[in-house]
Amino acid sequence: MKGLRQITPYVAGAQPQEKGMIKINTNEHAFSPSPAVLAALREFDGNGLRKYSSIENNSLRSALGKQLGVHQDQLIVGNGSDDILALAFLSFFNSDDSLLFPDITYGFYKVWADLFRIPFEEVPLTAQFEINSADYMGRKIGGIVIANPNAPTGIYKNLAEIEAIVVANQDVVVIIDEAYIAFGGISALPLVAKYDNVFITRTFSKDAALAGLRVGYGIGSPKLLKVIQAVKHAYNPYSVDAIAERLATAAVSDVAYYTQVNAEIVEIRDWFSAELKSIGFDVLPSKANFVLVKPAGISASTLFDFLQTKKIYVRYFGDKARLSSYLRISIGTKNEMIRVVQIIGDLVA
């Protein structure tokens, strides 16, 4: 049939519903949302749902602006960072020159580039799965997207190197996807005040334990926000519903809680990494709430299948050649990760 689009869609992690499982395959937070969020949910007045939600999301943008030290007009809110990234691709990458992003990174970048017919080039990571800054300099390009920390590797690139990439490409937009920045990295937020070509995306799904809410946001210069807001209003101005905005605003108010639980995630991650290394596994250095692991004495696919028989769900990228020897394991509670270490240890002993 004529006129139908053909595209290879993004493949998300499985969402099993078994009782008693350990689900550590989609980088969801190990702990409950903030008590302030749960209280806001209980107190929400459902009668207000007969009206449309906010177009500007001023309450959430105001709270975020105060927390981040930026003007609320430098913020845009959407249905998760996926929505913000899609809007950013539509808004910022309209050149005949190629958009650059790593060959191993968040899989949606390639999907959006295909969907929106944006020319792109996947830049190979080094043998150590790191971004080589020089690969993003001295070229005629249409833009850059870098997840930092990267996914699914978890590897963080220091701020000085990120800034060098920005400085070398001031005629195009550089998107920094900071979905996992709360788990150990230093944010590129200071670069927004220095360069008007920097756009940062973040989500409440990872560090705020609100994956089911689907709220994300973008931060950039007034110049970039004017463009992306116009695209959003041409597409779906009511994208964030009233419940989501209220609960996300409550999450922003409870910095102390999230600082505590995210620090606990980091502690568990580092303990888990050390445990796997002690049995010979190769664990990439992670600044996210997951680790990328190369098993020893057993193939990644075999370990993946075995863990599923024990109702432990991790992520295997068997369709990607450079990742076929690795598993990505999200960080759960300490008790969950102790159980995972015990089961893996018993298998490979």
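What share of the contacts in the protein chain with a separation of 6 or more comes from residues 24 or more positions apart? The figure is 73%, where contact means heavy atoms within 4.5 Å.

Before going on, the conditions. This is a predicted model, in which local features need pLDDT of at least 70 and side-chain atom pairs count only at pLDDT 80 or more, while totals for chains, interfaces and linings use all residues. Residues are numbered from 1 along each chain as its sequence is written, and side-chain values use heavy atoms, with hydrogens and water left out.

Overall make-up, then. The protein chain has 11 helices and 13 strands; these are DSSP runs, H or I of at least four residues for helices and E of at least two for strands, numbered from the N terminus. Its radius of gyration is 20 Å, close to the 20 Å that the globule rule gives for 349 residues, so the chain is as compact as a globular protein of that length. That radius is taken over C-alpha atoms, and the rule is 2.2 Å times the number of residues to the power 0.38. Along the principal axes, the C-alpha trace spans about 60 × 55 × 50 Å.

Now the surface and the interior. Of the 349 residues, 52% are buried, meaning under 20% relative accessible area, with exposed being over 50% and partly exposed in between (1.4 Å probe, protein chains only). The chain exposes about 15900 Å², and carbon and sulfur atoms supply 52% of that area. Accessible areas come from the Shrake-Rupley method with a 1.4 Å probe, and for residues only the protein chains shown count as cover.

On charge, there are 34 positive and 35 negative charges, and their mean positions are 4 Å apart. Lys and Arg count as positive, Asp and Glu as negative, and His and the chain ends are not counted. Each charge is placed at NZ of Lys, CZ of Arg, CG of Asp or CD of Glu.

Next, the cores. In soluble globular proteins, nonpolar side chains tend to be buried together. A nonpolar core here is a set of buried Ala, Val, Leu, Ile, Met, Phe, Trp, Tyr and Cys residues joined through side-chain atoms within 4.5 Å. The largest one has 88 residues, and Phe204, Ile219, Phe272 and Ile329 have the most contacts inside it. Helix 9, residues 255-278, gives the most to this core, with eight residues. Leaving aside neighbours within four places in sequence, Phe272 is in contact with Val291, Ile329, Ile331, Met337, Val340 and Val341. There is a second, separate core of 26 residues, which includes Ala86, Phe89, Leu225 and Ile228.

Val340 also gives a reference point for Leu307. Leu307 sits in helix 10, residues 300-309, and counts as buried at 0% relative accessibility. Its C-alpha is 8.5 Å from that of Val340, across 33 residues of sequence. With neighbours within four places set aside, Leu307 is in contact with Ile312, Val314, Ile343 and Ile344.

Which residues of helix 2 are buried? In this helix, residues 58-68, they are Leu60, Arg61, Ala63, Leu64, Gly65 and Leu68. Their cover includes strand 2 (75-78), helix 6 (189-194), strand 7 (198-203), strand 8 (216-220) and helix 8. After helix 2 comes Gly69, with a positive phi near 75 degrees.

Helix 8 itself spans residues 242-253 and contains Ala250. Ala250 is buried, at a relative accessible area of 5%. Not counting residues up to four places away in sequence, Ala250 touches Ala36, Val37 and Ala40. Ala250 and Tyr195 are 55 residues apart in sequence, and their C-alpha atoms are 31 Å apart in space.

Finally, some backbone details. Asn57, in the loop between helix 1 (35-43) and helix 2, has a positive phi near 55 degrees without being a glycine. Is Asn57 buried or exposed? Asn57 is buried, with a relative accessible area of 2%. Arg117 is not a glycine either and has a positive phi of about 60 degrees. Arg117 lies in the loop between helix 4 (108-115) and strand 4 (120-123), and counts as exposed at 64% relative accessibility.

The peptide bond from Asn148 to Pro149 is cis, with omega near 0 degrees. A cis peptide bond also joins Ala151 and Pro152, with omega about 15 degrees.
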